[in-house]
Amino acid sequence: MRAPAASDIAAGEVLLSVENVSLAFGGVRAIRDVSFDIRKGEVRAIIGPNGAGKTSMLNVINGFYQPQEGRITFKGKTRAKMRPHDAARGGIARTFQNIRLFGEMTALENVAEGLVQVRGMKRAEAATRAAE
């Protein structure tokens, strides 16, 4: 049985649910009892100072780290352990900070160029997609 596709989930319904997730590295608690939902159509941000656990939280969501406590439900399917490539195949992906941007281009133009270079899109289509 497959997890529902994003198109199967109505606008406003929960797409991703993080429930009571905790992650530790030895005696250091990187994440402690974090819970939140993201509904289809929402844009969320994880903010905080260095060392607050932002990257660790993203790595738990995308399967790079496995939480010691809590659970993650994506598109209605609760998952135990997931490898990053399985998460990506299911629709969860992340990017890494890349400071190799083109300084003479706007942020939007940089995103469009990434779509051209990585996905092989034509420039006109990439500009449209980047603006979405």
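Reply: Helices here are DSSP runs of H or I with at least four residues, and strands are runs of E with at least two. By that count the protein chain of this predicted model has four helices and four strands. In sequence order they follow the pattern β-β-α-β-β-α-α-α, and the C-alpha trace spans about 45 × 35 × 25 Å along its principal axes.

Me: How do you know that β1 and β2 pair?

Reply: Pairing requires at least two bridges found by DSSP. Strand β1 (residues 14-25) and strand β2 (residues 28-39) have eight, in the antiparallel sense. Among the facing residues, A24 stands opposite R29 in β2 and F25 stands opposite V28 in β2. The two strands form a hairpin with two residues between them, and G26 in that turn has a positive phi of about 65°.

Me: What makes β3 a partner of β1?

Reply: The criterion is again at least two bridges. Five bridges join β1 to β3 (residues 69-74), and the two strands run antiparallel. L16 has F74 as its bridge partner in β3, while S22 has E69.

Me: How do you know that β3 and β4 pair?

Reply: Three bridges link β3 and β4 in the antiparallel sense, against a requirement of at least two. One of the bridges puts T73 with T78 in β4. β3 and β4 also form a hairpin with two residues between them, where K75 in the turn has a positive phi of about 55°.

Me: Why are β2 and β4 said to stand at the edges?

Reply: The four strands form an open sheet in the order β2-β1-β3-β4, with antiparallel pairing. β2 and β4 (77-79) each have a single partner strand, so one side of each lacks a neighbour in the sheet. From one strand to the next the twist averages 20°. Helix α1 packs on this sheet and touches β1, β2, β3 and β4, its direction making about 120° with that of β1.

Me: Why is the pair of F25 and Y65 called edge-to-face?

Reply: Ring centres must lie within 6.5 Å to pair, and planes over 60 degrees apart count as edge-to-face. By this rule there are two aromatic pairs. F25 and Y65 form one with centres 5.2 Å apart and 70° between the planes, so the edge-to-face label applies. The pair links distant parts of the chain: F25 is in strand β1 and Y65 is in the loop between α1 (54-61) and β3, 40 residues apart.

Me: Why are α3 and α4 called oblique?

Reply: Roughly perpendicular covers 65 to 115 degrees, roughly antiparallel starts over 145, and roughly parallel is under 35; the rest is oblique. Helix α3 (residues 107-119) and helix α4 (residues 123-131) pack at an angle of about 125°, with axes 8 Å apart. The two helices are therefore oblique to each other. The crossing of α3 past α4 is right-handed.

Me: Which residues make the contact of α3 with α4, and what makes some of them nonpolar?

Reply: From α3 come L108, V111, A112, E113, L115, V116, Q117 and R119, which meet R123, A126, A127, R129, A130 and A131 in α4. These divide into nine nonpolar, one polar and four charged. Ala, Val and Leu are among the types counted as nonpolar, whereas Glu and Arg count as charged.

How values were computed. Residues numbered from 1 in each chain as written. Predicted model: local features only at pLDDT ≥ 70, side-chain atom pairs only at ≥ 80, totals over all residues. Heavy atoms only, no water. Axes fitted to C-alpha atoms, helices over the stretch in contact; angles between N-to-C directions. Left-handed = near helix turned anticlockwise from the far one by under 90°. Contact = heavy atoms within 4.5 Å. Phe/Tyr/Trp six-rings, centres within 6.5 Å; stacked < 30°, edge-to-face > 60°.
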